[in-house]
Amino acid sequence: MLYDVSNETMPREELEGLQLRRLKAMVEKVYYNVPFYQARFNEMNVRPEQIRSLDDLKYLPFTEKQDLRNNYPFGLFAVPRDNVVRVHASSGTTGKATVVGYTQRDVNTWAELMARSLMCAGASRRDIVHNAYGYGLFTGGLGMHYGVERLGATILPISGGGTRRQVMLMRDFGSTILCSTPSYALFLYESILAAGMSISDLKLHTGIFGAEPWSEKMRSEIESKLQIKALDIYGLSEIMGPGVGMECCDAQDGLHIWEDHFLIEIIDPDTGEQLPLGESGELVITTITKEAQPLIRYRTRDITRIEAIPCRCGRTHRRISRIQGRSDDMLIIRGVNVFPQQIETILLETQGVAPHYQLILTRQGSLDMLEVKVEVDEKLFSDEIRHLQRIEAKIQKNIKEFLGVTAKVTLSEPQSIERSEGKAKRIIDLRNS
């Protein structure tokens, strides 16, 4: 199903022409309205009129999260503050918050793209959407909320927390679509069983999961336990919020980025050089319709690749592959680069292992040490110690063979790893404590 047929199926040549027109207008706007960008352009000897093709994007400066913090709170706004009708912000736990502003047109565009994303996932006006993303300054809850209303479906704005109550309301209201982080979806499953309920008591058919990286193995786990189709959604507050990209229910293979609003490129995270189509690297996004706070070549730190092969759903907007990790979440263990998702895949290939784990980093002398702590199910945990030791050794061997790093593996009893009602805390770094 397509929400906006003419835009979602626009021929590539026409789409690229639209992108160029919007890019030129945006570049001129930020040059004359945002002192930060004017200074960056001047440093690089670039003028707006020099942007004549989409290939010229590579001559423009990058924008990084620190630039948003350095211009806190409203230094990157390209419109008068009076024109900004909404402000979202990060928590600012690692420094000043990153602030994002929206004009009324930006809010409307966001709702349209979220409605487009929901229908891409198979949603319709008949659905009841259980929205467990957080509301408030976080963009997840409100972004999904207004998309559901724009689509004409029914929204249950439950937000995070109160898991037992969520389970009850999902059953009583007949929710058909669940929106949450993937780790919280598994927590809800455990809570459903703890409440003495069965999955057959629910009417869920689809889950739209994002806000944290997750693997194909975790998708299989969610689909098997909740008996739904689990789809990936992509977004980040700095760009817009959720709805920048969405996996379609037809192919369930990569996320369509809405290219009539965003330009995407893949770069080498170390050199900043653009990489050819199909190669993995860091995703960089340029907003071309954002009014309040356009961003040029924003470095997302998300590792992925662009899929150039047309999708069978008929949409012409290119897809990115599932996010493989983040360049700033990458662990370096004794010179070896490791992403949490790689370890997750290995863990979930082991029978009896649950999708709840933590990576604990410590230091002994000058050496970094990695411990992989993972839950097992009740049946496996009740087995004799010798069998558990064999499982630990098997996982340790697989991590060494596939990733080239030695890790201590600890199997933990069910429910021993703290659950999160938001993003799961996978990494505990004690190296500097």
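## About the model

This is a predicted model, so local features need pLDDT of at least 70 and side-chain atom pairs count only at pLDDT 80 or more, while totals for chains, interfaces and linings use all residues. Numbering starts from 1 along each chain as its sequence is written, and side-chain values use heavy atoms, with hydrogens and water left out.

## Two helix pairs

Two packed helices are described by the angle between their axes and the distance between the axes. Helices (H or I, at least four residues) and strands (E, at least two) are DSSP runs, numbered from the N terminus. Axes are lines fitted to C-alpha atoms, for helices over the stretch in contact, and angles run from 0 to 180 degrees between N-to-C directions. Angles under 35 degrees count as roughly parallel, over 145 as roughly antiparallel, 65 to 115 as roughly perpendicular and the rest as oblique.

Start with α2 (residues 12–33) and α3 (residues 35–43): their axes cross at roughly 105° and come within 5 Å, so the two helices are roughly perpendicular to each other. On the α2 side, Val27, Val30, Tyr31, Tyr32 and Asn33 meet Pro35, Tyr37, Gln38, Phe41 and Asn42 of α3, where contact means heavy atoms within 4.5 Å. This contact has seven nonpolar, three polar and no charged residues. Here Ala, Val, Leu, Ile, Met, Phe, Trp, Tyr, Cys and Pro count as nonpolar, Asp, Glu, Lys and Arg as charged, and the others, Gly among them, as polar.

Now turn to α10 (residues 340–348) and α12 (residues 385–403), which pack at an angle of about 135° with axes 10 Å apart; this pair is therefore oblique. Gln342, Ile343, Ile346 and Leu347 in α10 meet Ile395, Asn398, Ile399, Phe402 and Leu403 in α12. By class, the residues of this contact are seven nonpolar, two polar and no charged.

## Threonine 181 and serine 183

Threonine 181 sits in the loop between β5 (177–180) and α8, and serine 183 lies in helix α8 (residues 182–194). Threonine 181 is buried because its relative accessible area is 6%; buried means under 20% relative accessible area, exposed over 50%, partly exposed in between (1.4 Å probe, protein chains only). Serine 183 counts as buried too, at 9%.

Leaving out residues up to four places away in sequence, threonine 181 touches Tyr133, Phe209, Gly210, Ala211, Glu212, Gly422 and Lys423. With the same exclusion, serine 183 touches Glu212, Gly422, Lys423, Ala424 and Arg426. The side chains of serine 183 and glutamate 212 are joined by a polar contact of 2.6 Å. A polar contact is a pair of N or O atoms within 3.5 Å; within protein, one must be able to donate a hydrogen and the other to accept it, and residues adjacent in sequence count only if both atoms are side-chain atoms.

## Backbone details

Most residues other than glycine have a negative phi, and most peptide bonds are trans. Which residues are joined by a cis peptide bond? They are tyrosine 72 and proline 73, with omega about -5°, and proline 73 lies in the loop between α4 (65–70) and β1 (86–89).

Serine 159 has a positive phi, near 65°, in the loop between β4 (154–156) and α7 (163–173). Arginine 297 has a positive phi of about 50° and is found in the loop between β11 (281–287) and β12 (298–304). Serine 159 counts as buried at 17% relative accessibility, and arginine 297 counts as buried at 2%.
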